Amino acid sequence: MKFYFALITLAWVTVHGAETKYTPPDLEGQTFIHDPSTIIKDNGRYFVFGTRPGINVKSSPDLVHWSNEAPVFDRTLEREKAVAPGFDGYIWAPDVVRVNGRFLLYYSVSAWGKQTSAIELATNATLDPTAKNFQWHDAGEVIHSTNGYAYNTIDPSAFLDTDGRLWLAFGSYWQGIYLTELDPQTGLRKATNVPPQQLAWNHSIEASCLTQHDKYYYLFVNWGQCCKGTNSTYEVRIGRADKITGPYRDRDGNDLATGGGSPFLQSSGRFIGPGHVGIMDDGGTNGVTRFSYHYYDADTRGRSRLAIGKIDWSSGWPVAVN
């Protein structure tokens, strides 16, 4: 598949004749992020959340110039330490969705390589930190996993369907990506006695993302390994389905639940190990869908960085274009 990477949201200055590129000090670090959430707009600014203690928060008026905001949390809850032994305060892979006029922020607590994990929820009436009603509220645990479960409850991806139903895709390794329905009023699971449904599997899979276009639902997943800088092997694979619950099949008809998945985004040039796709919640521009992802920047020794691309749907499948 032929595709092009969108140049990341940062202005570059090159000192000619030097061996390395130079980034202006006032912009340094503003696009460094890992596991970026869906980019969402509120009160004229775009917001993105990422992995870090307390949850990384960045905002931008134009998707080009980004500012660091205060983290969501300044503490670790006792229940998080109980459900995820070894949890060190580093909150992983948040995702955000707007439902009924408020923002639901899902995030995962775990420890590296462990299945003792949980996805939890925080809510806010606004993302604007200058607003009088800005305040994050702890809404509790959504779902957890422990040793012996089929799934690992990390990497939440929230999706609000056109019929008003709210869904959460999640999972990493073990038996892959799973789906559970949420209550749009509370943001928590709609029926805890209904087991999550498997959507996709690969021996190394995580970072799912659901979206809908025309008559199909599309599932983006990551294959490979993250977090190794320029040695990372992340790549994005896709499948589509008639129903949100699947089955999701790739371009060749292979079921993602049995290892299928067509390529969507792979390493190219300085863009190493792209992953953690989010479909932007801005209605698109002139009918064009934009998506976010992170990559390990070969020009900054493999630091994880935010990028934004566009999707061409003309073939009936999402194709990443510049």
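The following questions and answers concern a predicted model of a protein.

Student: How many strands are there in the protein?
Tutor: The protein has 322 residues, and 57% of them count as buried. Its secondary structure comprises one helix together with strands, and the number of these strands is 21.

Student: Among contacts between residues at least 6 apart in sequence, what percentage join residues at least 24 apart?
Tutor: The set considered holds the contacts in the protein between residues at least 6 apart in sequence. Within that set, the share that joins residues at least 24 apart is 52%.

Student: Which strands are the edge strands of the open sheet of four strands?
Tutor: The order in this open sheet is S1-S2-S4-S5, and the pairing is antiparallel. An edge strand here pairs on one side only, and this holds for strand S1 (40–42) and strand S5 (67–68).

Student: Which residue in S2 stands opposite Ile40?
Tutor: S1 and strand S2 (residues 45–50) run antiparallel and are joined by three bridges. Opposite Ile40, the residue that stands in S2 is Phe47.

Student: Is Leu63 buried or exposed?
Tutor: Leu63 is found in the loop between strand S4 (56–60) and S5, and its phi is near 70°, a positive value in a residue other than glycine. Most residues other than glycine have a negative phi. The cut-off for a buried residue is under 20% relative accessible area. Because the relative accessibility of Leu63 is 7%, this residue counts as buried.

Student: How does Tyr173 count, as buried, partly exposed or exposed, and what is its relative accessibility?
Tutor: Tyr173 lies in the loop between strand S11 (166–170) and strand S12 (177–182), and its phi, near 55°, is a positive value in a residue other than glycine. Partly exposed residues fall between the cut-offs of under 20% for buried and over 50% for exposed. Tyr173 therefore counts as partly exposed, with a relative accessibility of 25%.

Student: What is the omega of the peptide bond from Gly246 to Pro247?
Tutor: Pro247 lies in the loop between strand S16 (235–241) and strand S17 (262–265). Most peptide bonds are trans. The bond from Gly246 to Pro247, however, is cis, and its omega is near 5°.

Student: Which residue has a side chain joined to that of Asp297 by a polar contact?
Tutor: Asp297 has its place in strand S19 (residues 289–297), and because its relative accessibility is 0%, Asp297 counts as buried. A polar contact of 3.1 Å joins its side chain to that of Arg270.

Student: Which residue in S19 stands opposite Gly275?
Tutor: Strand S18 (residues 271–279) is mostly covered, since nine of its nine residues are buried. S18 and S19 run antiparallel, with five bridges joining them. Opposite Gly275, the residue that stands in S19 is His294.

Student: Which residues lining the largest pocket lie nearest its centre?
Tutor: About 700 Å³ of space lies in the largest pocket, and the elements that give two or more residues to its lining are S4, strand S6 (90–99) and strand S20 (303–312). The lining is made up of 38 residues, and those nearest the centre are His34, Asp35, Trp112, Cys226 and Cys227.

Definitions and conventions:
Residues numbered from 1 in each chain as written. Predicted model: local features only at pLDDT ≥ 70, side-chain atom pairs only at ≥ 80, totals over all residues. Heavy atoms only, no water. Pairing = 2+ DSSP bridges. Buried < 20%, exposed > 50% of the residue type's maximum accessible area, 1.4 Å probe, protein only. Polar contact = N/O pair within 3.5 Å; in protein donor to acceptor, adjacent residues only side chain to side chain. Contact = heavy atoms within 4.5 Å. 1 Å grid on protein atoms, 1.4 Å probe; cavity = no way out; pocket = protein on both sides within 12 Å on 5 of 7 lines; lining within 4 Å. Points joined across faces, edges and corners; volume = space filled by probe spheres on them.
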